[in-house]
Amino acid sequence: MDKTPALELDFTSTCDTLLENLGEETAKQAGVDIKAYKEELEKLRSAAEQHNEEIKRINDAYEKAVLEEDTDAIKDLRIEGKELNHVSSKAFKEVQKRFLKTDDCDVYIGHPNVNTNADILQKTIKALDEKVLWGEEGDGALDYVFSLNAYHDWTYYYFGKKVGYDTVIQYDQEKVNPDDLFWGKDMQIPVVYVGDTSYDLYMADMDGKDVDYEGASEIYTKVLEDVLSTVKAYCADEIEGMNTVENILTGK
């Protein structure tokens with residue numbers, strides 16, 4: 001017997017994950033208005049909590065009506081549940097559209113995978129400035145940099161530039177999926193193209209040649225600026241998405 005006419009979709013968990021995956025330090029560096037982000041998030045959370053209360057009200061009343069064999073109330077509550085389910089489904093679709101991101105290894109709410117690339121680049125640049133390619137604690141530039149692009153850059157390390165590029169480009173939706181024929185084009189994060197520089201650093205070190213620390217640092221720094229721009233754009237879209245989902249849940 002159907003005891004839950006209102007589908008239990010809890011959007012407060014979306015709020016929790018968005019906050020967890022914001023990456024405040026990276027967002028600040030990207031110029032994101034953290035205060036505005038959190039304020040919009042709390043508005044969404046409030047709307048989600050009210051939505052949960054409405055789900056509970058309908059389902060609790062429905063169970064009571066079933067126990068009392070109140071057929072009129074059962075019919076009315078099923079209608080209410082159906083209407084609320086429409087709202088829930090619409091909001092859920094918007095959550096997928098606005099908040100889901102992937103790097104082919106997993107699917108995320110928010111943009112933690114972009115933050116990871118930013119963090120790796122920052123650590124790599126710091127190590128280069130300190131002229132450390134390999135660190136005793138795994139904290140050298142070459143320890144870090146090959147974990148970019150969800151660790152796909154390791155192919156440069158083992159197989160060279162061509163294989164590395166051919167591997168990484170598979171995850172660049174703009175290049176392999178320009179006509180949007182496959183799922184996930186708008187969810188795939190931008191690929192970071194620094195593999196050639198990383199390989200050159202590695203080979204210079206292996207061959208005992210002079211390492212161009214400053215030149216490599218400049219290249220990574222420029223790419224980091226692009227990644228931080230992506231973080232800022234994603235946060236802006238997430239704020240807009242929060243507002244849209246909030247309006248759906250509250251019927252605005």
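Helices here are DSSP runs of H or I with at least four residues, numbered from the N terminus. The model is predicted, so local features need pLDDT of at least 70 and side-chain atom pairs count only at pLDDT 80 or more, while totals for chains, interfaces and linings use all residues. Residues are numbered from 1 along each chain as its sequence is written, and side-chain values use heavy atoms, without hydrogens or water.

The volume of the largest pocket is about 220 Å³. A pocket is an open set of points on a 1 Å grid over the protein atoms alone, with protein on both sides within 12 Å along at least five of seven lines. The points are joined across faces, edges and corners, and the volume is the space filled by probe spheres set on them. The lining comprises 18 residues, each with an atom within 4 Å of a point. Nearest the centre lie Asp103, Asn117, Asn149, Ala150 and Tyr151. By class, the lining holds 10 nonpolar residues, seven polar and one charged. Nonpolar covers Ala, Val, Leu, Ile, Met, Phe, Trp, Tyr, Cys and Pro; charged covers Asp, Glu, Lys and Arg; the others, Gly among them, are polar.

Ala150 sits in the loop between α6 and α7. Its phi is positive, about 55°, although Ala150 is not a glycine. Ala150 is partly exposed, at 21% relative accessible area; buried means under 20%, exposed over 50%, and partly exposed in between (1.4 Å probe, protein chains only). Lys131 also has a positive phi of about 55° and is not a glycine. Lys131 occupies the loop between α5 and α6 (141-145). With 55% relative accessibility, Lys131 is exposed. Most residues other than glycine have a negative phi.

Tyr151 also belongs to a nonpolar surface patch of about 600 Å², together with Trp154, Tyr158, Phe159 and Val163. Such a patch joins nonpolar side chains (Val, Leu, Ile, Met, Phe, Trp, Tyr) within 5 Å, from residues with over 30% relative accessible area and no salt bridge. Areas come from the Shrake-Rupley method with a 1.4 Å probe. Helix α7 (residues 154-159) gives the most to the patch, with three residues. Trp154 lies in helix α7 and is partly exposed, at 38%.

The model contains 19 salt bridges, each a side-chain nitrogen of Lys or Arg within 4 Å of a carboxyl oxygen of Asp or Glu. Lys38 pairs with Glu24, the closest N and O atoms being 2.6 Å apart. Lys38 is in helix α3 and Glu24 in helix α2 (residues 24-29), so this pair ties together parts 14 residues apart in sequence. Lys38 is partly exposed at 31%, and Glu24 is partly exposed at 29%. Lys35 bridges to Glu39 at 2.5 Å between the closest N and O atoms. Both lie in helix α3, four residues apart, about one turn of the helix. Lys35 is exposed at 58%, whereas Glu39 is partly exposed at 40%.

A further salt bridge joins Glu240 and Arg98 (3.1 Å, N to O). This pair links distant parts of the chain, 142 residues apart: Glu240 in helix α11 (residues 213-250) and Arg98 in helix α4 (residues 71-99). Arg98 is buried at 11%, while Glu240 is partly exposed at 45%. Glu94, Arg98, Asp237 and Glu240 are linked in a salt-bridge network.

Key
On a 1 Å grid over the protein atoms alone, a cavity is a set of points where a 1.4 Å probe fits but cannot get out, and a pocket is an open set with protein on both sides within 12 Å along at least five of seven lines; lining residues have an atom within 4 Å of a point. Patches are made of residues with over 30% relative accessible area and no salt bridge: like charges are joined within 9 Å, nonpolar side chains (Val, Leu, Ile, Met, Phe, Trp, Tyr) within 5 Å. Helices (H or I, at least four residues) and strands (E, at least two) are DSSP runs, numbered from the N terminus.
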